[in-house]
Amino acid sequence: MFNILTDELPKTVNVGGQEYDVRWWFRTMIRIETVLHDVELEMSERRAIALALFYPEIPEDVEEAERQMLDFYASDKPRNEKQQTDVKRHANDPPTYSFDYDDEYIYAAFRQQYGINLNTVEALHWFEFRAMLIALDNCVFNTIKGYRATDLSKIKDAATRKHYKELKDYWKIPVPQEMEDADELGDILMHGGDLEAYKRRRREHG
């Protein structure tokens, strides 16, 4: 298991027993995340663009190369049972942040908390960036994320619920109409289903 405190930050991945160089810096990984969530592109296009961004030389075993890329992107440690259950329960929740729409807030938070200028910093590894992003505290970015994540069903007082609904609506990340049906589209995005067929069904049923 990788330990950011004791292990050298990885700059390659192993595909089929061979080490391949990867573009490990945070800007590339942000672009990859943005591409993978771009519903205006076909799933095959998203995967191809992401691989080209990640690998200077794309391995022949594209399926394994993609798996290694996604593992690198996630850089998650093993979760306990309760954490796994929580992740599954929130798998189809609307996103609480966007690198496209929250770029200024993330930039400001890093300047405020770490003194890092994300616009000019060089060679910041994705693993370092993720660790610092997760640990951000007392900043506008986290406040906005909190509004988006608010579970209105748990707020009993009508006036308070109305107040937080307004905040939640105000800070909602803009998404295409097709993404309103989160369960079906989420499955399509994760498993490479037919997005065009989904769009046709939406048009046919108004």
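How many aromatic pairs does the structure hold? The structure holds 15 aromatic pairs. Here, rings of Phe, Tyr and Trp (its six-membered ring) pair if their centres lie within 6.5 Å; planes under 30 degrees apart count as stacked, over 60 as edge-to-face and the rest as tilted.

Before I go on, a word on the basis of this talk. The model is predicted: local features need pLDDT of at least 70, side-chain atom pairs count only at pLDDT 80 or more, and totals for chains, interfaces and linings use all residues. Residues are numbered from 1 along each chain as its sequence is written, and side-chain values use heavy atoms, with hydrogens and water left out.

Let me turn to the overall fold. The protein has ten helices and two strands, in the order β-β-α-α-α-α-α-α-α-α-α-α along the sequence. Helices (H or I, at least four residues) and strands (E, at least two) are DSSP runs, numbered from the N terminus. Of the 206 residues, 30% count as buried; buried means under 20% relative accessible area, exposed over 50%, and partly exposed in between, with a 1.4 Å probe and protein chains only.

I return to the aromatic rings. F26 and F129 form a stacked pair, 5.1 Å centre to centre, with 20° between the planes. Because F26 lies in helix α1 (residues 26-36) and F129 in helix α6 (residues 126-134), this pair ties together parts that are 103 residues apart in sequence. F26 counts as buried, at 3% relative accessibility, and F129 counts as buried at 0%. The pair of Y170 and W171 is edge-to-face, because the ring centres are 5.1 Å apart and the planes stand at 85°. Y170 counts as exposed, at 65% relative accessibility.

Which residues do ring pairs link into a cluster? They are F26, Y73, Y97, F99, F110, Y114, W126, F129 and F141.

Helix α6 is also the place of E128. E128 counts as partly exposed, at 29% relative accessibility. The C-alpha atoms of E128 and L9 are separated by 8.6 Å, although these residues are 119 apart along the chain.

Finally, I come to the charges at the surface. E19, D21, E57, E60 and D61 gather there in a patch of negative charge. D61 lies in the loop between α2 (43-54) and α3 (62-74), and at 41% relative accessibility D61 counts as partly exposed.

Key. Patches are made of residues with over 30% relative accessible area and no salt bridge: like charges are joined within 9 Å, nonpolar side chains (Val, Leu, Ile, Met, Phe, Trp, Tyr) within 5 Å. Accessible areas come from the Shrake-Rupley method with a 1.4 Å probe; for residues, only the protein chains shown count as cover. A salt bridge is a side-chain nitrogen of Lys or Arg within 4 Å of a carboxyl oxygen of Asp or Glu. Lys and Arg count as positive and Asp and Glu as negative; His and the chain ends are not counted. The place of a charge is taken as NZ of Lys, CZ of Arg, CG of Asp or CD of Glu.
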